[in-house]
Amino acid sequence: MSILFRIAVPADETIDPYAIITVRQFAAFRRFLRAEGDRLGVALLEPDEYLGDSFEARVCPLALASITARFDHEPTVIAVVEEAQFRVRRVMVHRDRAAAEIRMRVALTSDRGLELDLAYGNAYALLEALDIEAESVGDIALDMAQDRLRDPATAARARARRVDHYLPHLETLLMTASDPAVARLSWA
């Protein structure tokens, strides 16, 4: 089990658009992403080694029209991809065998995938280094998280807990917030 550290914004609490896609569109989308990823030299699928019934896809490096062409420019797919690109997020595609449908929606993951996904022990140690109560779920205002990262005592606590190598990654994550006034560092 792990805890994911990410940037949360108020838009995450709204009901995002979703699209229901067919199995053929699902397969065509995966082939398209692999081909485009090879062409661009970047991984567009996560995880790529085994996709199974759920995967996340980077859509920001690609043109909206080139993506939605795989779905005959279906308006619900356009809405999902456009929202993901606007919010600099990935799309999540999930095949629900029980409901016999495949849904595409905006993912909580940033397009570049800068989130920190840490094992419980490392996550708790990082929270303690930041002088935050070690809870498995929580959030903190972005400016407060940045202040704690700048505090020299944080680096010392992180070294003592052997999680200091996560601090630069966390700092990069915090810099990705598009609206720091309302964004929060969230973990769950």
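A residue is called buried when its relative accessible area is under 20%, exposed when it is over 50%, and partly exposed in between, with a 1.4 Å probe and protein chains only. The model is predicted, and local features therefore need pLDDT of at least 70, side-chain atom pairs count only at pLDDT 80 or more, while totals for chains, interfaces and linings use all residues. Residues are numbered from 1 along each chain as its sequence is written, and side-chain values use heavy atoms, with hydrogens and water left out.

Two residues were examined for their backbone angles. Most residues other than glycine have a negative phi. H73, by contrast, has a positive phi near 55° although it is not a glycine, and this residue is placed in the loop between α2 (64-68) and α3 (75-86); here helices (H or I, at least four residues) and strands (E, at least two) are DSSP runs, numbered from the N terminus. With a relative accessibility of 40%, H73 counts as partly exposed. R162 likewise is not a glycine and has a positive phi, of about 60°, and its place is in the loop between α6 (152-160) and α7. At a relative accessible area of 69%, R162 is exposed.

The sheet was considered next. Five strands, in the order β2-β6-β5-β4-β3, form an open sheet with antiparallel pairing, where two strands pair if DSSP finds at least two bridges between them. Because β2 (18-21) and β3 (45-46) stand at the edges with a single partner strand each, one side of each is left without a neighbour in the sheet. Strand β4 is joined by 4 bridges to β5 (residues 89-96), and the two run antiparallel; within this pairing, F55 has V93 of β5 as its bridge partner. Helix α1 packs on the sheet and touches β2, β3, β4, β5 and β6 (101-110), its direction making about 45° with that of β4. Helix α3 also packs on the sheet, touching β2, β5 and β6, and its direction makes about 10° with that of β6. Contact here means heavy atoms within 4.5 Å, and axes are lines fitted to C-alpha atoms, for helices over the stretch in contact, with angles from 0 to 180 degrees between N-to-C directions.

A search of the whole structure finds 5 aromatic pairs, a pair being rings of Phe, Tyr and Trp (its six-membered ring) with centres within 6.5 Å, counted as stacked if the planes are under 30 degrees apart, as edge-to-face if over 60 and as tilted for the rest. The ring centres of F26 and F55 are 5.7 Å apart and the planes stand at 50°, so this pair is tilted. The pair links distant parts of the chain, since F26 belongs to helix α1 (residues 23-40) and F55 to strand β4 (residues 54-57), 29 residues apart. Both F26 and F55 are buried. The rings of F29 and F55, with centres 6.3 Å apart and planes at 35°, also form a tilted pair, and F29 is buried, as is F55. Ring pairs link F26, F29, F55 and F71 into a cluster.

In helix α5 (residues 142-150), the residues L142, A145 and L149 are buried. Seen down the axis of α5, the buried residues fall within an arc of 60°, so they line one face of the helix; the arc is that of the directions from the helix axis to the C-beta atoms. The elements covering these buried residues include β1 (2-8), β8 (138-141), α7 (167-175) and β9 (184-187).
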